[in-house]
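Please look at the sequence and the structure below before reading on. The report then goes through them part by part.

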Amino acid sequence: GEAVWDKPKILNELHEEEIAQERLWNAVPIKPLIMIMKFLVPYPERMICASVCRQWRLAAQDISFVRHVYPVEMGALTMDPNKMESNHYRSINEALLEALPGDTIELGDGHYWLNDPEVFVKCPLRIIGDEKDPSHVVIEVTGSIHWDSSSGYVEGVTLRRPRISSIGGQNIPSLLNINNGGNITMTQCVVEGNSGSQELILNTNSPSGGNGIIIKDNGRLVLIESQVSNNLGAGILHNGKETVKIKIDRSTIRGNKGPGILLNGESIMEVTDSDIRDNIGGSIKDNRFKDCDEMKIPIEASEEIALC
């Protein structure tokens, strides 16, 4: 048999109701609070409510609000949509379509496919994978991700070009585009181009593009303990006349066929304790200078620079 020595659940709920009657709004039971929070937008409404008191913070940050996406390895659980739990999705695209500003999308260990030519992120989001090892959560990007949101956070995720794919035309899309004032912080992430595999299957003899990350239109990029490698073009490309901000901290940019970082406009950049090397086009290159070769700057670890 089984013995339970905890106070019965119904008695706990009755006790919570008595306290709520006495202390009013700052002691509302957690269940009705969560039901109320469901009608609020995560940002800024739930965030504002979370500052009221501890009880409201617990309700606003309840795990039931997190959107979970199943990897392809767990496809058997997604065969019948009617049996899927609330806020669980078969693909990242499905989660993005229903995501609200301030939502958190959680990715379990496995592979995810983005087969659309363009995937847009237009509201502030957090995308969380495996914070200990990003290789456990791999997003195979056939086209390009456009991050147009004014803020965002991605942790423990690998963005990778599929090893077996066909890319036609002269212009190969970048893995990640930060456009229209987009702002993203990436922690313990990998942006992997798989340049060797792409060259074997490209439908052109002289491809262009293939950059890892493109940032423009007053965008902002922060890389922390991340890696950008093996892209056909530059690892990070600033494309456009508007000033962009780039911060690279304890990260690695290497093995790209273009420069590690290529600047084509006004930039404010900070590189700290990072490794930028073994890029065929040089470490950092600024096309605003007539002699571009003079701007190939080798960056060793623990060295900080600023270009503006």
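## The chain as a whole

This is a predicted model. The chain has 308 residues, and 48% of them are buried. Its secondary structure consists of six helices and 26 strands.

Of the contacts between residues at least 6 apart in sequence, 64% join residues at least 24 apart. The accessible surface is about 16200 Å², and carbon and sulfur atoms account for 52% of that area.

## Helix α2

Helix α2 covers residues 30-37, and its buried residues include L33, I34 and M37. Viewed down the axis of α2, the buried residues lie within an arc of 100°, so they line one face of the helix.

## The seven-stranded sheet

Seven strands form an open sheet in the order β5-β8-β12-β16-β19-β22-β25, and their pairing is parallel. At the edges are β5 (118-121) and β25 (284-286), each of which pairs on one side only. On average, neighbouring strands of this sheet are turned by 15° against each other, direction ignored.

Edge strand β5 pairs with β8 (residues 144-147) in the parallel sense, over four bridges. Within this part of the sheet, V121 stands opposite W147 in β8.

Methods. Residues are numbered from 1 along each chain as its sequence is written. This is a predicted model: local features need pLDDT of at least 70, side-chain atom pairs count only at pLDDT 80 or more; totals for chains, interfaces and linings use all residues. Side-chain values use heavy atoms; hydrogens and water are left out. Helices (H or I, at least four residues) and strands (E, at least two) are DSSP runs, numbered from the N terminus. Buried means under 20% relative accessible area, exposed over 50%, partly exposed in between (1.4 Å probe, protein chains only). Contact means heavy atoms within 4.5 Å. Accessible areas come from the Shrake-Rupley method with a 1.4 Å probe; for residues, only the protein chains shown count as cover. The arc is that of the directions from the helix axis to the C-beta atoms. Two strands pair if DSSP finds at least two bridges between them. Axes are lines fitted to C-alpha atoms, for helices over the stretch in contact, and angles run from 0 to 180 degrees between N-to-C directions.
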